[in-house]
Each structure stands twice: as structure tokens, then as C-alpha cells.
Amino acid sequence: MELHVAGENALILYLGKETSPAVSARVQAAAGAAEIALGEDLIDLVPSYASLLVIYDALRTDHLSVGRRLRESMATLDAPATGEGRTVTLPVYYDPEVGADLEPLAQSKGLSVDEVIALHSGCEYRVYAIGFAPGFAYLGEVDERIAAPRLATPRQRVPRGAVAIADRQTAIYPAPSPGGWNLIGRCPVRMFDPGAEPPMPVAVGDRVRFEAIGRARFLALGGEV
Amino acid sequence: MSLRVTQPGVLSLLQDRGRFGRHRLGLTNGGPLDPTAFSWNNRLLQNPPGATCIEISFGGLQLEATAETYICLTGARMSLTVNGSERPGWEVLRVGEGDSIALGFAESGCRAYLGVAGGFDIAPSFGSTATVAREHVGGLRGEKLQAGDELPCRPVTRHRRLYLPEPQRPRYHDSATLRVIPGYQERHFSRLQQRRLYSHTYRVSQQSDRMGYRLEGPAIECGIEGILSEGICHGAIQVPPDGQPIVLLNDRQTIGGYPKIGSALSLDCAQLAQLGPGASVYFTPISQHTAHNALHLAAHYIDATNLAERAG
């Protein structure tokens, strides 16, 4: 574990150097421990792949006290199990109709479209981080056989629900936005709904499975093409 | 009652002190780019410290009052007229039913704050009224103000007419010095690269907005290209591969994968956000102790300064 200064009221904890379920589980455990250790002095936390940004109230406490409390709580942190957190299944309509890059991706990888779908929906992902936009969850890791770099020219508008791949990460666009990821399908479940409680179906540390569905089911679940 | 928007100006946003504790949903802070001018506004109006104001970037906002209340303008210098007659900033002013309130364009600084007695009565989303247009969250519809918008507030017929005397008001210059707390990937920037940042003049580029201020100047090289995406705090100074630093502000993304050399003090980010394209920016490193003390002194200054009062 390493602890570094981030800003006038922020320290950042590094809990590993690579993307792995074990490191991610440590980040999750550290986030829970930091909440307990800092209590009312805590303003916000940003858990990510291998780090935890801790933002505190500098008018109530200081970097020395926060650093000491974080070190103490990390020293007693148990090795967390990677299997904790929920498993959430999200339905995806994989089709060129809603996944403009599905066929080109299959072609460039020497696979059939069905093989790409089977590889994408055939494994369990972990939510490593949430950011870029509200509800945008970075899921990893995508099978190497379908990992693809971002587009050279990002699209002006990617629709809400678009399921996409960038390198070994996959994600569902929570709202229409510009984007450079490879689009392979669409999910009818809203990833960010300000009116819902909770507003997101997943949190950092959860595991996600994709279930391939047909057009009729996609539309019945509220999906739009 | 309300203040009705007749002309929204360039970019006028409802803001409270910001949205906190929601980074895990990917929600950023929003809030006033110049919290100093924002805090003075609420202090002059004797509002709760985080009451909702309008942040006016560059000017041009026009409003009509639908009942009697009291308003106050702080921050960037912009002309303020009520029914066509010039009125002062940094002072609580009475407006009556049907009065039209008009702001000109910024003459020094570029962010002004217009508050009302009791604050605007806006329903919070995710615990805050702060408008972040990129996220479609906060304000009236998650967007900047538009003509016809009604900004609810309460009618007030008596109020202390406090003002901040001229010598105590913040000054807005055409340059800013950012005190930097070295941190994050600091150790991956060589001593030479650090010296380059701290000894040259940078300029505010055209691509500067509420997310961040992009600066132009001698390129800073980092020993590593990218990092695993990690949390970005307010004021973080990100150095992308082109070596041109970006100071990340209120509407920044919450995580990112570019190396950062440290973070600028929020008090100085407030000054930075008052600058327009072409203005000069300097960096100077400070310790976290010094930063901590500066924050306490600044908070105390706003709380403890004696305000003056007009009769009647």
C-alpha cells in the first residue's frame, strides 16, 4: 500500500499496480475502512482500478490526522475475498442494427458475429470503476480475442444503452454522448436513472453477466432501436 | 414570487456550493467556480453559506422581479442596472415588483454571482442544486438558464442593506499565480520538468470551461505515458502527452488516466476561473501545511470581516 498527497484536501491510496479482481477487492475493502476511519470528516471517495481517492474536510481535520487514520485502518485490513459484491445480469440485444461495429469487429478478428457474441456474453465481468459520466461503469476484462482499440475518430453521438468495447474493457453508455468505443449491441436497462433509488443497477466491486436476448424481448423490456 | 429570466446571457447557471459524496455514481461537484465571490454574496445577504445563487459567466443576464425582494451582485465587475439606472455591486439592493434587472458584460474577471434574500428555492438533485450541464443534473432542468425561466424565491419587504467596502473586495487581474501542492505522479516528473512548470509563464487557451482550464506554454514531459484511471480531485493539474497542463475544475470528470504533477489551491483556482483566454498563469509550489493554513485564513476572513451598512 502507498499513500500519496493528491491535493489540498485529498490523499490517494494505491492498493496495487495492475487491474485484477484481487486488487479491486482490496480497493473495495479500503473504501469501507476509510468511511469508518474518517466518519464526518470524509467528503467523498473515488474508488478506481487500483486506487482510492479520499477527499476530506480540511476545515475540520488535516492531512496528518487523515493520513494517520488511513494508515492505521489499512494495517488491520483483512485480505478481502474477490467473490464479494453482487452479481447483476444485464440483457443485451447484440445485432448490427444496434451495434454498428459488431460485423467489422468480427471480420477484423477472423470470427463470426455469433462467436463475438458468445465471447462477450460468456464470461463474468467486474465493475472496476465508475466515471467519465454519471453511471458509466468500466467493466473488465474482455476476452483478448475480441479486445479492440478505440475508434480513430470518435462518434459525435452514441445512444443511451449502447454496449461497447475498448481494449479489454466493456461498458454500457448511460446517456447519449460522444464516444469512441466499438458498439456491439444495446442494453434496455437504464444504467443511470436520477429518479430511481438506487440510481444505478451496479456499484464498483459488483460482478456483471450479459445475457444475449432477441429483438422482441429487447423491445418488450423498453429498449429502443 | 420569482425572478423571471428575460435574457439568459452567455452562460448563467444556478449553483449552490456543489454536490458532494456522489463521486461513486460518477457525478462531479459543480458549484461556483469562484467560491470566494459566491460566499461573499451569501454573507452580504445573510443567507445560509451554501444558498443557491446564479453564476453569470461573461454577462448579459436580464431578470424581472415579480414582487419586492433584495438582491446582491458579487464577483467579476459587470454593470448592473435596475430599471435602467446604474446600481453598485457588492451591496444588498431592494427591487420592487416589475423591476427589470440587467447585467452588462464583464469588464474585469468573468464570473459574477447574483443572489437573492433567502436564496433561490430550487429542488436539489443528488443533494445539491448545482447545475452540471454535461451531466444534465441540477438547476431547473440540468441546463443553463433560458428566457422565460422562473426562479422561485420568497418576497422580502425589509432587509439589512449591507455592503462590502471597496478596499475589502477581491480584485480581478489579468494574471493569476497558482499555488500548487505537489502530489499524485509528481515523482515521475524530473526536477528539470518541475522547474520548467514553476519558472515559465503559461497562457489560458480558448479551450477553457467549467471542466478545466487548458494552458499553453513550454511543454512538460512526464516519465510515464499513462496511468490506470484514478480519482481526480478539484484543482488537479493533468499533463497529457502534448505536455500542455490542464487545471481541472468543478465540472471535471471524476476519474482519468493522464499523469498529474499536483493540484492547485482552490483559492487560486477561483482566481484562474476569473481569467479569459490569453491571460497569464504562473505556478509556485507550496507545502500541504501552507495550503491548510491558507484555507483556514481565507474561511476566517470571509466570516470575520466587518460589513458596512447603508441607512434605510
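Author: Across the interface of chain B and chain A there are two salt bridges, a salt bridge being a side-chain nitrogen of Lys or Arg within 4 Å of a carboxyl oxygen of Asp or Glu. A salt bridge joins A:Glu2 to B:Arg187, and the closest N and O atoms of this pair are 3.9 Å apart. The rule for polar contacts finds 15 residue pairs across the interface of chain B and chain A, both residues being at pLDDT 80 or more; such a contact is a pair of N or O atoms within 3.5 Å, where within protein one must be able to donate a hydrogen and the other to accept it, and where residues adjacent in sequence count only if both atoms are side-chain atoms.

On the side of chain B that touches chain A, the elements giving two or more residues are strand 13 (175-182), strand 16 (230-231), strand 20 (260-264) and helix 4 (288-304) of chain B. Helix 4 of chain B gives the most to this side, with seven residues; helices (H or I, at least four residues) and strands (E, at least two) are DSSP runs, numbered from the N terminus.

This is a predicted model, in which local features need pLDDT of at least 70 and side-chain atom pairs count only at pLDDT 80 or more, whereas totals for chains, interfaces and linings use all residues. Residues are numbered from 1 along each chain as its sequence is written, chains are lettered from A and ligands numbered from 1 in the order in which they are written, and side-chain values use heavy atoms, with hydrogens and water left out.

Taken as a whole, the interface brings 38 residues of chain B into contact with 44 residues of chain A, contact meaning heavy atoms within 4.5 Å. About 3200 Å² is buried between chain B and chain A, and carbon and sulfur atoms give 62% of that area; buried area is the accessible area (1.4 Å probe) that two parts lose on being put together, summed over both.

Chain B also has charges placed over rings, which here means NZ of Lys or CZ of Arg within 6 Å of the ring centre and within 35 degrees of the ring normal. The charged end of B:Lys260 lies over the ring of B:Tyr184 at 4.5 Å from its centre, and the charged end of B:Arg310 lies over the ring of B:Tyr163 at 3.9 Å from its centre.
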